[in-house]
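Please read it with the sequence and the 3D view open beside you.

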Amino acid sequence: MKARIIVTLKTGVLDPQGKAIEAALSSFGISGIEGVRQGKVFDVEIADTDPASAEAILKSACEKLLANTVVENYEIEIV
Amino acid sequence: MRAAIVVFPGSNRDGDVARALRLAGAEVVKVWHTDTALPAGTDLAVLPGGFSYGDYLRCGAIAGRAAAMDAVRDHAARGGLVLGICNGFQILCESGLLPGVLMRNVDRRFICHRQMLRVERADTRFTSAYAKGQVIDVCVAHGEGNYFADPETISRLEGEGRVAFRYADAAGELTVDANRNGSLNSIAGIYSEKLNVLGMMPHPENFVEGLIGGVDGRGLFESLAA
């Protein structure tokens, strides 16, 4: 089974990298972008075929390592 | 004073902090990150600077979950002293031993320069050789030193007197220019609730010998070894 985990910064947390990307896009002449926030994507393969238990495994992976919940949110998609 | 320095793959300041501790009179041993216990009689566990695990995922994230960190956590829970410098501070935050997180510097640059710090209190095991309000001249070298925590955590840290050092100018003023990484409240280092764990971004171990350019970092190691 495959899953995708998306980790994003919480609202209000400063994102200097996102700001730099936003400024770079504007300097490359790509207009109309009002904000960029950078995040991370993890594509994960899981041995388990039961979606509920796979989700539980991925949740503990996020809580223990993949996201720092002080500043980050995570979403789990079973694909 | 018996100090155990935990070395992770990518630690690179373990030798310098060992030297600073020995100069102050401490006995020093190194512990590998896979070790599950600290040597018997360890008074102080040290997490040195460097780039553990290449800063992959987030700075300190993987090291914060290493086997040796369980031993450090137990040591701290028993009231043992823990010092984390630079990457060590990031590891302490990631391991949950200290609150908050070190984010990318506000100007996105790796900063590496001499840095004045204001000593916020001199009544802890880490700072007794300094005076409260003293300004010390040390160094910083980091890309992710921008201290961030939610407003409740910041007010708890401030209310409990748990800010150890702040980025300041030579007069001890907390100016924007002195706070180059953008840390909330100019925070350069914080203590745990029981004041036995200290995490700090600056490097006191850089300045322990006049030949190298300064000696203001000595006080921290002398306080610990006293």
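**Notes on chain B**

1. Strand S1 of chain B is joined to strand S2 (residues 27-32) of chain B by six bridges, and the two run parallel; strands count as paired if DSSP finds at least two bridges between them. Within this pairing, Val6(B) stands opposite Val31(B) in S2(B). Helices (H or I, at least four residues) and strands (E, at least two) are DSSP runs, numbered from the N terminus.

2. Before going further, please keep in mind that this is a predicted model, in which local features need pLDDT of at least 70 and side-chain atom pairs count only at pLDDT 80 or more, while totals for chains, interfaces and linings use all residues. Residues are numbered from 1 along each chain as its sequence is written, and chains are lettered from A and ligands numbered from 1 in the order in which they are written.

3. S1(B) also pairs with strand S3 (residues 44-47) of chain B, in the parallel sense and over three bridges, and here Ala3(B) stands opposite Leu44(B). Why can S1(B) be called largely enclosed by the rest of the structure? Five of the six residues of this strand (residues 2-7) are buried, so it is largely enclosed; a residue is buried if 20 or more other C-beta atoms lie within 10 Å of its own, exposed if 12 or fewer, and partly exposed in between, with C-beta atoms placed from the backbone.

4. Together with helix H1 (residues 14-23) of chain B, S1(B) and S2(B) make a right-handed β-α-β unit, where right-handed means that, with the strands pointing away from the viewer, the path from the first strand over the helix to the second runs clockwise.

5. Taken as a whole, chain B has five helices and 11 strands. Its radius of gyration, taken over C-alpha atoms, is 16 Å, close to the 17 Å that the globule rule (2.2 Å times the number of residues to the power 0.38) gives for 226 residues, so chain B is as compact as a globular protein of that length. Buried residues make up 54% of the 226 residues.

6. Two residues deserve a second look, because most residues other than glycine have a negative phi. Tyr53(B), in the loop between S3 and helix H2 (67-77) of chain B, has a positive phi of about 50 degrees and is buried, with 21 other C-beta atoms within 10 Å. Leu195(B) has a positive phi of about 65 degrees, and it is partly exposed, with 19 other C-beta atoms within 10 Å.
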